[in-house]
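This report is meant for a reader who is meeting the structure for the first time.

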Amino acid sequence: MTTKITFVGAGSVVFTQGLLADLFAYPELDGVHVALHDIDPERLATALAAARRIAEVRGVKPVLTAHADRREALTGADFVVDIVQIGMAAATRIDFEVPERYGLHQTIGDTLGIGGIFRALRTFPFLKALGADIADVCPDAWLLNYTNPMAMNVQYLSEATGLTRVVGLCHSVYWTVHGLAELVGVPFDEVTYVAAGVNHQAWVLRFEHAGADLYPRLRELAESDGQLRRRVRFDMLRRLGYYPTETSEHSAEYVPWYLKHDTEIERLRLPIGDYLGIVAENEAEYERTRKAIAAGEPLPVEGTGEYAPQIVHSLVTGTPRTVYGNVVNRGLIENLPSGGVVEVPCLADGTGIRPTRIGALPPQLAALNRTYLSVNDLVVRAAVEDDPHHIRHAAMIDPATAAALPVERIFELCDDLVRAHGDRLQPALRAVLGR
């Protein structure tokens, strides 16, 4: 029987292209059915045309279909790849511009912080509807989520939809270790590593080559290289003893120490509002792809090393491999809350996806992760319990928001963001609470 993979949010054309380039590189997957869904007709047509070009270059003959109707795209799917962005660039600009008026700085704003909170809240209604459709028309499918905020979304899917075959996927662990290997001069494929924690704030717990610990070399670099000391991640390594698995721009937002202070922003060269530039570049890249297709010009067909194609290949062919996944914590990390979403190594093979039990994190790392998960839980509670107060509670607990604003201003900011996002939020969460 033909394997069917449905891309929801396929109009994220550049990311879709990379995933398909990886997927179509596996000879065993020649002939798979790729169903593309998006609510934007132009982007959907562009994604389909790009998929055809990539298949032609790879020399494979998949079944490619495009669907404006989500349920039609999902029917009979074995895998669902979620890459949506609710509200697109306009909503992202709100997430940055409104807090900036309060003096609250953000760099990426898609995972934690006030931007992550409201990105989650406008994504949850979509996830609930998607979960209902999957339960109805493809109940055995694996949902592979790329949509941020990763941990909040996976926790919400678990609690609000009842789906159990859900794994959140992110490339941060892979590229972090890849970069570290390059930094210490060791080939990546010779490195042994283990990372665990929460998405975008996991930690490299083991980093070895030929049985030798590479951390002493990293710590030496952190002390001796003045330019490395001007990166948030190396600052955290020096103070916490372990290296975090997401960029300095991301990592600065999940703690209270950096973005509040102009001196730290300068010392660590933090690019305020950086994600707005990334959004603009993504839009420009989409336009270049659309024009290239219209003109009959070739498209780049480059692999990404992303986990979703690897998972599909492993589950279909039985080939075992380790990937990093975001899954509900059921004893996987014993000093983090049960029910929160953690990022751990997972074995993918013909029997499914099985996360690895890590045990306990070092206490200083677990303490930071617990704060992160507390914010996540309050945001999920707001949606599951229809309680707008929990939005404010989440913002009060969030490290960067609490460091920057007194509590009355936090409430005012939440009210302004509720007004700005309007009907993207579920009805009960649109309440303006005042002080």
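His-313 is buried, with a relative accessible area of 5%, and this residue lies in helix H13, which spans residues 307-317. The model is a predicted one. The side chain of His-313 is joined to that of Glu-28 by a polar contact of 3.2 Å. When residues up to four places away in sequence are not counted, His-313 touches Tyr-26, Glu-28, Leu-29, Gly-318, Thr-319 and Arg-321.

Leaving aside residues up to four places away in sequence, Gly-18 touches Glu-302 and Thr-304. Between the C-alpha atoms of Gly-18 and Pro-388, which are 370 residues apart along the chain, the separation is 38 Å.

The next topic is helix packing. Two packed helices are described by the angle between their axes and by the distance between those axes.

| Helix pair | Angle | Axis distance |
|---|---|---|
| H5 (residues 113-137) and H15 (residues 389-397) | about 150 degrees | 10 Å apart |
| H5 and H6 (residues 150-161) | roughly 40 degrees | within 9 Å |

How are H5 and H15 oriented to each other? Their angle is about 150 degrees, and angles over 145 degrees count as roughly antiparallel, so H5 and H15 are roughly antiparallel to each other. The crossing of H5 and H15 is right-handed. On the H5 side the contact is made by Ile-114, Ile-117, Phe-118 and Leu-121, while H15 contributes Ile-391, Ala-394 and Ala-395. By class, the residues in this contact of H5 with H15 are seven nonpolar, no polar and no charged.

For H5 and H6, the axes cross at roughly 40 degrees, and these two helices are therefore oblique to each other. The crossing of H5 and H6 is right-handed. The contact is formed, from H5, by Gly-116, Ile-117, Ala-120, Thr-123, Phe-124, Leu-127, Lys-128 and Gly-131, and, from H6, by Met-152, Asn-153, Tyr-156, Leu-157, Ala-160 and Thr-161. The residues in the contact of H5 with H6 divide into eight nonpolar, five polar and one charged. Ile-117 of H5 takes part in the contact with H15 and also in the contact with H6.

How values were computed:
Residues numbered from 1 in each chain as written. Predicted model: local features only at pLDDT ≥ 70, side-chain atom pairs only at ≥ 80, totals over all residues. Heavy atoms only, no water. Axes fitted to C-alpha atoms, helices over the stretch in contact; angles between N-to-C directions. Helix = DSSP H or I, 4+ residues; strand = E, 2+ residues; numbered from the N terminus. Parallel < 35°, antiparallel > 145°, perpendicular 65-115°, else oblique. Left-handed = near helix turned anticlockwise from the far one by under 90°. Contact = heavy atoms within 4.5 Å. Nonpolar A, V, L, I, M, F, W, Y, C, P; charged D, E, K, R; others polar. Buried < 20%, exposed > 50% of the residue type's maximum accessible area, 1.4 Å probe, protein only. Polar contact = N/O pair within 3.5 Å; in protein donor to acceptor, adjacent residues only side chain to side chain.
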